[in-house]
Amino acid sequence: MKVNEISPLQLERSLYQPKLPEALKGPVSLKEGALTTSIGDQETIQNLFPNTYGQPVITFEKADNQPVTPIVKVGVILSGGQAPGGHNVIAGLFDGLKALHPDNQLYGFLGGPSGLVEHKYVELTHDIIDAYRNTGGFDIIGSGRTKLDDSEQFDKGAAICHQLGINAIVIIGGDDSNTNACILAEYYAKKKEGIQVIGCPKTIDGDLKNEMIETSFGFDTACKVYSELIGNIQRDANSSKKYYHFIRLMGRSASHIALECALETHPNLCIISEEVEAKKMTLADIVNQIARLIASRAKEGHNYGSILVPEGLIEFIPAMKVLIAELNDLLAHNGEFNAIPNDEGRRQYVIQHLTPESAKVFQSIPPAIGKQLTLDRDPHGNVQVSLIETEKLLIEMTKHRLSEMKAKGEYKGKFQAVNHFFGYEGRCATPSNFDADYCYSLGNTASSLISAGKTGYITSVRNLTAPASEWIAGGVPITMMMNLEHRHGKEKPVIKKALVELDGKPFRFFAQHRDEWAKGNKHYIFPGPIQYGGSAEVCDQPTKTLLLEQEQE
Ligand code: FBP
């Protein structure tokens, strides 16, 4: 047997030619819309970004001739968590640049934003790009979470750009990374460095979206992978009829992933963090809700089911939110805490230094979860929610609550739970056709924005529920998406994170149907694996979230 170095599917996918919007299939002309303002705090944002604020939204249209453009060198950075399709953004950017001029060059900064600061880079050639087309992962140049936010870093970045002759940097990242792209663009514009900065909307979390950015790339594929797994688990539960599966889904803060997976698989229960916060629910309320569902299903003879838990839940429970904020302040650069050698000592230290209310909440959660809440923050100061095993916490508390209910005769049944966490399984999956096409288009759009001399823009490809040929490509000034938020004790200009809107169509659809899905076992949907070849109905469907958001009333 011949041993292949890549799988047959990978081989076939390497030949896939991603679909582009009609306008990007040849020379483009640029159409400028009206001047823009930020979504909030206009005066302050304008003062902070005098050189990049207020630029118009740009749309690219088909043109007859390609104007002669000067040769450009571009650097690209992958920032933050992996998301399926990142390689195609780079391939689209590379192909776009080469179509503009065969002598254009693309450099990749290695290991995320730190590659720019530490001058670690590689030139991306045809051979390298071809090996990564339509593949998942960010391993072509690696990614990292270094925060680009001080002038020393910016100056080091400018130095390597001048040394290599780089005229533009493309930063592929989430809301924090694109906020930093905007700050970098402003800094280089102010210092007349001659380096453009373009952002690109990435994150499986789906929380970098607004009127102009319909979805971030990677959300589609990641949700489809998780939904396949949830469907498989539901089929197993339906077959053996003995387990409750508690499935925690990535997504840091927003519950978009959990909601999309619920829309795709119809679980018996899906908790939405934004609803928990709006209803000011306590942990005990959530546990009661789960226990009531289990008790009522037991009455029908169903001692099994599926429960989806969003990763960020813990931060949306009001009392927990206060506790986490206190822990953030208490533990930031706390040498005293870090010097305590054992878990129990650290736990006691925390209890003594919290307010009485938060100390009570901290004491009410199992020590293992308490420990997870005190682990290191990420470079952006966020609790690493992916390390907090909320699903195990809920299982323990539900078990306890059910035994209380049993003692009172309110529950007759058997509760056996299995915990799962789906996150890393989906972040590097082979991109769906949607993400392969969308990412390639985003990269291609970035090359046109660079060629048009733009800076401080994020690539925007819209009309995404239509066939790819009808997508609308262009750029949106990043300042347009900004407002001021309180971060680490200061008011900072940031891109507004999009949480699940409780009056939005995806949540409303879910809320209309969840009672039916709670009851039986006939409503489960089993989506199966992502398909790449076959009818568009099976292979090219966008997420249910996007379909519902764009559905006409
Ligand atoms: P980005 O926001 O950078 O895209 O990352 C998203 C994410 O996958 C979250 O869903 C998750 O909480 C986090 O990254 C995990 O971070 P890490 O990769 O550092 O473990």
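A polar contact is a pair of N or O atoms within 3.5 Å; within protein, one of the two must be able to donate a hydrogen and the other to accept it. The side chain of Ser-364 and the backbone oxygen of Val-361 form such a pair, at 2.6 Å. The structure described here is a predicted model, and the values below are computed from it.

**Overall architecture**

The chain holds 23 helices and 15 strands. Its radius of gyration is 24 Å, close to the 24 Å that the globule rule gives for 553 residues, so the chain is as compact as a globular protein of that length. Of the 553 residues in the chain, 57% are buried. Among the contacts in the chain with a separation of 6 or more, 77% are between residues 24 or more positions apart.

**The ligand site**

The ligand is surrounded by 14 residues. The closest of them are Gly-81, Arg-145, Asp-205, Glu-311 and Tyr-424. By class, this shell comprises three nonpolar, five polar and six charged residues.

**The loop between β8 and α9**

Two residues of this loop may be described together. Arg-252 lies in the loop between β8 and α9, and Ser-253 is found there too, between β8 (244-249) and α9 (256-265). Arg-252 has a phi near 45°, a positive value in a residue other than glycine. Is Ser-253 buried or exposed? With a relative accessibility of 14%, Ser-253 counts as buried, because the cut-off for burial is under 20% relative accessible area. Neighbours within four places in sequence aside, Ser-253 is in contact with Ser-273, Glu-274, Gly-312, Glu-315, Phe-316, Lys-497 and Leu-499. His-126, by contrast, is 127 residues from Ser-253 in sequence and 38 Å from it in space, C-alpha to C-alpha.

Asn-134 is placed in the loop between α5 (126-132) and α6 (151-164). Its relative accessible area is 2%, and Asn-134 is therefore buried.

Pro-27 occupies the loop between α1 (8-14) and β1 (28-35). A relative accessible area of 22% makes Pro-27 partly exposed. Which residues does Pro-27 contact, leaving aside its neighbours within four places in sequence? They are Glu-61, Lys-62, Ala-63, Asp-64, Asn-65 and Gln-66. One of these, Lys-62, is 35 residues from Pro-27 in sequence, with 6.2 Å between the two C-alpha atoms.

Helix α15 covers residues 343-353, and its buried residues include Arg-347, Tyr-349, Val-350 and Ile-351. The buried residues of α15 pack against α13 (318-331), α14 (335-339), α16 (356-364) and α17 (367-373). Ser-364, whose side chain reaches the backbone oxygen of Val-361 at 2.6 Å, is placed in helix α16.

Glu-551 lies in the segment after α23 (544-550). At 44% relative accessibility, Glu-551 counts as partly exposed.

**Separations in sequence and in space**

| Pair | Separation in sequence | C-alpha distance |
|---|---|---|
| Ser-253 and His-126 | 127 residues | 38 Å |
| Glu-551 and Phe-219 | 332 residues | 19 Å |
| Pro-27 and Lys-62 | 35 residues | 6.2 Å |
| Ser-364 and Arg-292 | 72 residues | 21 Å |

How values were computed: Residues are numbered from 1 along each chain as its sequence is written. This is a predicted model: local features need pLDDT of at least 70, side-chain atom pairs count only at pLDDT 80 or more; totals for chains, interfaces and linings use all residues. Side-chain values use heavy atoms; hydrogens and water are left out. A residue is near a molecule or strand if one of its heavy atoms lies within 4 Å of it. Ala, Val, Leu, Ile, Met, Phe, Trp, Tyr, Cys and Pro count as nonpolar, Asp, Glu, Lys and Arg as charged, and the others, Gly among them, as polar. Helices (H or I, at least four residues) and strands (E, at least two) are DSSP runs, numbered from the N terminus. The radius of gyration is taken over C-alpha atoms; the globule rule is 2.2 Å times the number of residues to the power 0.38. Buried means under 20% relative accessible area, exposed over 50%, partly exposed in between (1.4 Å probe, protein chains only). Contact means heavy atoms within 4.5 Å.
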